[in-house]
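Me: Hi! Could you help me look at the aromatic rings in this protein? I'd like to go through them bit by bit.

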Amino acid sequence: MGQQMSDQRPIGVIGVGWVGLVTAGCFADLGREVIAMDVNAAKIDALERGEVPIHEPGLEGLLERNRERLRLTTEMSEVLDPARLLFCCVDTPPTYSGDADLSRVESVVSQLPESGEHALVMKSTVPAGTGRAIRRDHPSLTYVSCPEFLKEGSAVEDFLHPDRVVIGADPGDEWAADEVEAIYRPLGGELVRTDVASAEMIKLAANAFLATKISFINEIANVCEEVRADVAEVAKGMGLDERIGPQFLRPGIGYGGSCFPKDVSALKQLAGNSGYHFQLLTAVIEVNELQKRRVISKLQKHLGSLVGREIALLGLAFKPDTDDMREASSLVLAGRLQADGARVRAYDPVAEDAARPLMSGVDFSDSALRAVEGADAVVLVTEWPEFAELDWAEVASRMRGDLVIDGRNALRSELVTAAGLAYEGIGRH
Ligand SMILES: NC(=O)c1ccc[n+]([C@@H]2O[C@H](COP(=O)([O-])OP(=O)(O)OC[C@H]3O[C@@H](n4cnc5c(N)ncnc54)[C@H](O)[C@@H]3O)[C@@H](O)[C@H]2O)c1
């Protein structure tokens, strides 16, 4: 079956979201013909008109220069006929229980013919054991796990310059893994060939470890506040130890986004479903939830009651360079502030459209300076570079109060205080 595959065959990409669109564009950029399919007809129409539905640096140009090699469709049959390798990039959101919702993956699998000609290459993040279960229920289907590690905000760059490419296949399916490896080889990066369950586990473990590092440094920051130490100094001193490394040691108001919260909880649930209580991840999740709310106590410490207070949020997306609002800390923060009687106004350079339907009662401004007008306090939520460049004297002259909470330790405190404002970061004194 698969041994007859030809390099010349188009590659199928199913699900054209953050991962699928970047994957399709990058494969086309590598010179491959790609057929990308999505059930969302409006998205496909927009892409066909040349509109890119997400904010991702470099993506628009990449898609534009590869238009001829990238076909878009809403019909699965248009992918299945020409393509043999099918990269599955559909979303796997959390269910209420915290398990991964695999209904979209199941819908894709149910449409694949039993002819044995196709190989499903799973890029969606799925619980370890998913590939084995799909293989068991569809014995003629070839299955490869190829988890995705790109980061929103630098997705194209990450895809084209991976640290590593993980490819998992079980006995009998190695031919398809070889094909996947051949596609990725020109990109460089360490190739990790392994079995399917281990590949699935690598993705979950990597995200859980990164989230653990964030919750760890957030707790260190909270202790620093108690003992009047500076977490930036602590993180620097820790990060120089090569066993620890400097990455992901920046405290803030909690991680969010489409991956960490759901993947950490999916791994915790996966362990629990297998009879193992993953204690560490329970704490990681709890610390993250509490961290989002610490801003409220910082505001109360300075302002007392928040009833009637005007609070300006700078940045709404879960991180800079994206308009993704999934699990953004700003959502929890705005909700808590409103529940405590505060009025919330907000500005984000690109995420307003995505944020509006999720944040009722919030006043949106079209610039940071407009958002701070008449505010009792300003909270930096997302560390967009433009906020570090703000004219703080101008900010001070427009505010009613004088409090700046730097939720990402992204501002130069001396510039803020030189303008006569009170500065409070995370774990800094
Ligand atoms: N976003 C990231 O940074 C990132 C990074 C690494 C891994 N992942 C994982 O990759 C997967 C996709 O994430 P995303 O952020 O790209 O999701 P997304 O929500 O942006 O995109 C998913 C797309 O799949 C489409 N879709 C849903 N069901 C479909 C079906 N049956 N057939 C065809 N299309 C269908 C949706 O319409 C949507 O366009 C998830 O499992 C996620 O955990 C995401």
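Me: How many aromatic pairs turn up in a search of the whole structure?
Reply: The search finds eight aromatic pairs. Keep in mind that this is a predicted model.

Me: What kind of pair do F27 and F87 form?
Reply: Those two are edge-to-face, with 4.9 Å from centre to centre and 65 degrees between the planes.

Me: And where do F27 and F87 sit in the chain?
Reply: F27 is in helix α1 (residues 18–29) and F87 is in strand β4 (residues 85–88). They are 60 residues apart, so the pair links distant parts of the chain.

Me: Are F27 and F87 buried or exposed?
Reply: F27 is buried, at a relative accessible area of 0%. F87 is buried as well, with a value of 0%.

Me: Ok, next one. How are Y276 and F278 arranged?
Reply: Y276 and F278 also make an edge-to-face pair, at 6.2 Å centre to centre and 70 degrees between the planes.

Me: Nice. Changing topic: where does R164 lie?
Reply: R164 lies over the face of F149, 3.7 Å from the ring centre.

Note on methods. Residues numbered from 1 in each chain as written. Predicted model: local features only at pLDDT ≥ 70, side-chain atom pairs only at ≥ 80, totals over all residues. Heavy atoms only, no water. Phe/Tyr/Trp six-rings, centres within 6.5 Å; stacked < 30°, edge-to-face > 60°. Helix = DSSP H or I, 4+ residues; strand = E, 2+ residues; numbered from the N terminus. Buried < 20%, exposed > 50% of the residue type's maximum accessible area, 1.4 Å probe, protein only. Lys NZ or Arg CZ within 6 Å of the ring centre and 35° of its normal.
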